[in-house]
Amino acid sequence: MVERLSDKLAAVREEFTRMALQSVQDTMNNSAQLLKDSGILDNAKHVGDRAPDFVLKNVQGVPVDSTKLRKAKRLVICFYRGGW
């Protein structure tokens, strides 16, 4: 059986609630509410939305066109946060 992402997130949330200090939970909850109240979610992409076309360089520095990739097969994009 494949575990759904929503189930995994619920388990993480439950563990956080069980382990984190109440002050930490309050800070996280307040920050999440501030983001919601800011309206930022109104412009966010949602499940089923189509991302804009793009051209980015791959790890070898060669430009890759999302339009061409989408024609060949489904396209999955991963974002990595970092300071590199």
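Q: How many helices and strands does the chain have?
A: Helices here are DSSP runs of H or I with at least four residues, and strands are E runs of at least two, numbered from the N terminus. This is a predicted model, where local features need pLDDT of at least 70, side-chain atom pairs count only at pLDDT 80 or more, and totals for chains, interfaces and linings use all residues. Residues are numbered from 1 along each chain as its sequence is written, and side-chain values use heavy atoms, with hydrogens and water left out. The chain has three helices and two strands.

Q: What radius of gyration does the chain have?
A: The radius is taken over C-alpha atoms, and the globule rule is 2.2 Å times the number of residues to the power 0.38. A compact globule of 84 residues would come out near 12 Å. The C-alpha atoms of the chain fill a box of roughly 50 × 40 × 30 Å along the principal axes. The radius of gyration of the chain is 18 Å.

Q: What percentage of the 84 residues count as buried?
A: Buried means under 20% relative accessible area, exposed means over 50%, and partly exposed lies in between (1.4 Å probe, protein chains only). Among the 84 residues of the chain, the buried share is 2%.

Q: Is Q25 buried or exposed?
A: Q25 is found in helix α2. Its relative accessible area is 9%. Because of that value, Q25 counts as buried.

Q: Which backbone oxygen does the side chain of Q25 reach at 2.9 Å?
A: Contact means heavy atoms within 4.5 Å. Leaving aside neighbours within four places in sequence, Q25 is in contact with F16, T17 and A20. The side chain of Q25 reaches the backbone oxygen of T17 at 3.0 Å. At 2.9 Å, the side chain of Q25 reaches the backbone oxygen of A20.

Q: Is V24 buried, partly exposed or exposed?
A: V24 is found in helix α2, residues 22-38. Its relative accessibility is 37%. Therefore V24 counts as partly exposed.

Q: Which residues does S66 touch, not counting those up to four places away in sequence?
A: S66 is found in helix α3, residues 66-72. S66 is buried, because its relative accessible area is 0%. Beyond those places in sequence, S66 touches P52, D53, F54 and L75.

Methods
Polar contact = N/O pair within 3.5 Å; in protein donor to acceptor, adjacent residues only side chain to side chain.
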